[in-house]
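Work through each task before reading its solution.

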Amino acid sequence: MAITKLFNSNTIISLHPSAKDAYLWINRYPFLFNFNALPGTLQDILSREMLLTVINDTTEAKKHKKQKHLYVYAPLWPILFWQNNQPPIGTVLVQSGPLSDEEIERAAWLSVLTPLFLSIDASKLSEIRESLCDHMPEHLQDPLFSTSKISDKQLCSWTGVSRGTLVQQRQKHRQKSPPPPSTEDVIAILSQPWEKNDAK
């Protein structure tokens with residue numbers, strides 16, 4: 001296994017034939033976020049995700065020694081962010097050893113199923129925004145999202161969800177969420193004597 005960086009156009013990256021069906025499927029996947037609406041900086045970073053590749057070692061490829069031809073098979077979702085059907089210069093390439101078509105096909109499908117299983121709950125989009133803003137440092141939000149704090153307006157433009165929907169989600173969440181216990185309440189609970197049945 002070799003790890004290299006894509007330095008110039010002498011390296012051609014193509015989709016492995018055994019990964020084609022998985023790639024066609026992920027192109028039809030109904031993503032919540034509109035990739036084209038995301039900040040350009042974020043799109044560029046996502047397009048540079050590390051790729052698993054195998055080399056094209058056919059006789060025809062060996063004749064053209066000046067150009068290295070690699071087949072990408074996973075992950076396949078970064079291809080959705082590529083410009084001109086090629087990964088950006090500087091993308092990290094992991095060149096795997098000999099793999100069967102079945103192994104490549106399996107890896108390709110696993111790479112496109114991952115976003116499906118990690119899909120967010122759209123009914124909690126407002127909660128996710130607030131949680132992200134609370135946990136992600138502002139010095140990371142600014143270069144990625146072109147803002148120090150993600151706003152409802154940005155989230156609406158990326159997802160197509162109306163601001164009214166976000167407000168409703170926020171109100172619903174606040175009605176359901178009990179108020180956090182005060183420090184005094186927590187201390188009072190911890191100060192209570194334990195009964196024998198409590199210590200297990």
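**Exercise 1.** Identify the residues that ring pairs link into a cluster, and classify the pair formed by Phe31 and Phe35.

*Solution.* Step 1: Ring pairs join Trp25, Tyr29, Phe31, Phe35, Trp77, Phe81 and Trp109 into a cluster. The model is predicted, so local features need pLDDT of at least 70 and side-chain atom pairs count only at pLDDT 80 or more, while totals for chains, interfaces and linings use all residues. Residues are numbered from 1 along each chain as its sequence is written, and side-chain values use heavy atoms, with hydrogens and water left out.

Step 1: Apply the criterion: rings of Phe, Tyr and Trp (its six-membered ring) pair if their centres lie within 6.5 Å, with planes under 30 degrees apart stacked, over 60 edge-to-face and the rest tilted. The structure holds seven aromatic pairs. In one of them, Phe31 and Phe35 lie 5.0 Å centre to centre with 45° between the planes, and the pair is tilted.

Step 2: Phe31 has 28% relative accessibility and counts as partly exposed (buried is under 20% relative accessible area, exposed over 50%, partly exposed in between; 1.4 Å probe, protein chains only).

**Exercise 2.** Describe the lining of the largest pocket by position, element and class.

*Solution.* Step 1: A pocket is, on a 1 Å grid over the protein atoms alone, an open set of points where a 1.4 Å probe fits, with protein on both sides within 12 Å along at least five of seven lines; lining residues have an atom within 4 Å of a point. The volume of the largest pocket is about 880 Å³.

Step 1: Its lining has 26 residues, and Phe31, Phe33, Phe35, Leu118 and Ile120 lie nearest the centre. Helices H2 (40-47), H4 (101-117), H5 (125-135) and H7 (152-159) are the elements that each give two or more residues. H5 provides the largest share, four residues.

Step 2: By class, the lining has 23 nonpolar, two polar and one charged residues.

**Exercise 3.** Which backbone features are found at Pro75, Asn84 and Asn85?

*Solution.* Step 1: Pro75 is joined to Ala74 by a cis peptide bond, with omega about -20°. Pro75 lies in the loop between strand E4 (68-74) and strand E5 (92-95).

Step 1: Asn84 is in the loop between E4 and E5. Although not a glycine, Asn84 has a positive phi of about 60°; its relative accessible area is 73%, so Asn84 is exposed.

Step 2: Asn85 is in the loop between E4 and E5, has a positive phi near 60°, and is exposed at 62% relative accessibility.

Terms used
Points joined across faces, edges and corners; volume = space filled by probe spheres on them. Nonpolar A, V, L, I, M, F, W, Y, C, P; charged D, E, K, R; others polar.
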